[in-house]
Amino acid sequence: MIMKIPVITVDGPSGVGKGVLCRAIAKKLNWHILDSGAVYRALVLSAINHRISLKHEQKLAALAANFDIDFMINANKLNILIKGEKNKQDIRNEAIGELASDIAVLPKVREVLLYRQRSFKKLPGLIADGRDMGTVVFPNAIIKFFLDASFEERKKRRILQLQKMGFDVNLNKLITRIKKRDDRDCNRLISPLVPAVDALRIDSTNLSVYELTNRILTHIAQFL
């Protein structure tokens, strides 16, 4: 008998608490973790390092098929391991995030990265963080969550996150980028940002990290 590998998906826009929540779940269950947004960011970084135009879909797809990325949680921090790439510290800045959103609409790139993301599904289980994890990448996940929060709260959280990582924050540019990314992610023809029909939807606007994590873990405990 082939043992089924369980997957829990957490989808939603930026600033809703997906990252910290997924790290907490993965650490609690001792499961693997996938940050799908980081996969697209890593592809942008790799393309820049290899001087490949982000408008050249075929070359980007070929690059996506061969670049190596993995994730490891260390002291509640998600370490992104990208083999052979320089300037890895830049992967979390807003400019890279915006470019990642740009290439996420390219069909050939998404097709290649779909298989790459599914390769993270390994025993004892996987926590998948993204925007289409429960709808496209892992439609048969055993548990699905969709997080949301008010725009003001998301903006505040993103500013604090970037400042903690040492990035300078231009408030007006940040607001424009978040709104642009939201619009692109929600309205793209391929894998738009929408809740899976069987996802538990949670508004995290007024929830602390502790409250959100406990609520999610309590729900998970009913199934595992």
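Hi everyone, let's begin inside helix H7, where the buried residues are Glu-153, Arg-154, Lys-155, Arg-158, Ile-159 and Leu-162. Before I go on, please keep in mind that this is a predicted model.

So what covers those buried residues of H7? The cover includes three other helices: H2, at residues 36–49, H4, at 94–103, and H8, at 171–187. As for the helix itself, H7 runs over residues 151–164, which makes 14 residues. From its first C-alpha to its last, H7 reaches 20 Å, close to the 20 Å expected at 1.5 Å a residue. Just after H7 you'll find Gly-166, and if you like backbone angles, have a look at its phi: positive, at about 90°.

Now let's stay with one of the covering helices. Arg-181 has its place in helix H8. Is Arg-181 buried or exposed? Its relative accessibility is 6%, and because buried means under 20%, Arg-181 counts as buried. Which residues does Arg-181 touch, once we leave aside its neighbours within four places in sequence? The contacts are Ser-14, Arg-41, Glu-94, Gly-97, Glu-98, Ser-101 and Arg-131.

Let's step back to the whole chain. The protein chain has 9 helices and 7 strands. Its radius of gyration is 17 Å, close to the 17 Å that the globule rule gives for 224 residues, so the chain is as compact as a globular protein of that length. Along the principal axes, the C-alpha atoms fill a box of roughly 50 × 50 × 35 Å. How much of the chain is buried? Of the 224 residues, 50% count as buried.

Finally, the outside. The accessible surface of the chain comes to about 11,900 Å², and carbon and sulfur atoms account for 53% of that. On this surface, Ile-142, Phe-223 and Leu-224 form a nonpolar patch, with about 300 Å² of accessible area together. Where is Ile-142? You'll find Ile-142 in the loop between helix H6, residues 133–137, and strand E6, residues 143–148. With 42% relative accessibility, Ile-142 counts as partly exposed, because that class lies between the 20% limit for buried and the 50% limit for exposed.

Conventions. Residues numbered from 1 in each chain as written. Predicted model: local features only at pLDDT ≥ 70, side-chain atom pairs only at ≥ 80, totals over all residues. Heavy atoms only, no water. Patch = residues over 30% accessible without salt bridge, like charges linked within 9 Å, V, L, I, M, F, W, Y side chains within 5 Å. Areas by Shrake-Rupley, 256 points an atom, 1.4 Å probe, with all protein chains shown as cover. Salt bridge = Lys/Arg side-chain N within 4 Å of Asp/Glu carboxyl O. Helix = DSSP H or I, 4+ residues; strand = E, 2+ residues; numbered from the N terminus. Buried < 20%, exposed > 50% of the residue type's maximum accessible area, 1.4 Å probe, protein only. Expected span 1.5 Å × (residues − 1). Contact = heavy atoms within 4.5 Å. Rg over C-alpha atoms; globule rule 2.2 N^0.38 Å.
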